[in-house]
Amino acid sequence: MRIVFAGTPEFAVPSLHALRAAGHEVVGVVTREDAPLGRKRVLTPSPVAVASEALGIPVHRANRLDDGATAWVRQLAPELGVIVAYGGLVREPLLSTPELGWINLHFSALPKWRGAAPVQRALEAGEQRLGVTVFRLVAALDAGDILTTDSRQYPEGTSAGAALSDLASFGTGALVEAVELLGADPAAGAPQVGEASYAEKLTREDGRLDLGRGARDVLAQWAAMTPEPGAYAMHDGVPLKVRELRAPSGSDSPPGVDAMQAGAVGLLEGRAMLALHDGMLELVRVQPAGKPSMDGAAWLRGRDGRAELA
């Protein structure tokens, strides 16, 4: 099948490779424009642009799927459009330009978690079974008919970055299957069933850990906000980034938390342990303002083995 692909970040790349490996002709790729990255703000192509050019696929860079993008896609005469995390909306007339329309690989079990941050919001809500859905794009947000879906279980404390990286590969099976379904039956698809929920875009404030909550909830919030926008707590009035956090389990849990108030951090058996009202979590790695990431226990030893977070 002749396919035009739209995507931008690293976790869209496995889908591009999977479509090619399944024997489909990817006739063009739309991705966002080169963006300044790093301290020196060097203009850098998107991961999808790099992968596409390595495969010899023509690339159109655009931050909006506007008239220019539509004209570029139209001249390719694709049968199907596939979008995976492009970072913008597909509207008419581009929506109906491919013969079979567009399909999207979305990282949730729709209609749950429509919107910009489905994996992050699911993890924040304490969900450990995460889904993927391939559906037909329509004008309404993530509301089109479903072609294929799948899901898998993740351990508590799995970060959004790790989950997305895994789902990016896992979801390619559902994507390739969906394309095959459309090849056999262009009218394939079933309406979404169930109550919809929305995954709002993350803000920096979402990353501030709510230390008034229980240990499982705080771990879920940390997981959802890692690596972006980044989890943090306040220490002496400035943010302390929490790069790695984990729950001690069973015999791995040191004594002493009962003597600590919620938000207190103490050295217990050589580890930096954060007390919460119903348990504790280990600060494995932290990053103080203006300094590199470091071992949590080493950071705490530099403060005489104790600290208060808020």
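What share of the 310 residues in the chain is buried? Buried residues make up 50% of them, where buried means under 20% relative accessible area and exposed over 50%, with partly exposed in between (1.4 Å probe, protein chains only).

A quick word on the ground rules. This is a predicted model, so local features need pLDDT of at least 70 and side-chain atom pairs count only at pLDDT 80 or more, while totals for chains, interfaces and linings use all residues. Residues are numbered from 1 along each chain as its sequence is written, and side-chain values use heavy atoms, with hydrogens and water left out.

Here are the overall figures for the chain.

| Property | Value |
|---|---|
| C-alpha span along principal axes | about 70 × 45 × 30 Å |
| Accessible surface (Shrake-Rupley, 1.4 Å probe) | about 14,600 Å² |

Now for the inside. A nonpolar core is a set of buried Ala, Val, Leu, Ile, Met, Phe, Trp, Tyr and Cys residues joined through side-chain atoms within 4.5 Å. The largest one has 65 residues, and Leu309 and Phe5 are among those with the most contacts inside it. Contact means heavy atoms within 4.5 Å; leaving aside neighbours within four places in sequence, Leu309 touches residues including Leu211, Val265, Leu283 and Trp299. Apart from this core lies another, of 20 residues, with Ala69 and Ile83 among them. In soluble globular proteins, nonpolar side chains tend to be buried together.

Asp236 is another story: at 70% relative accessibility, Asp236 counts as exposed.
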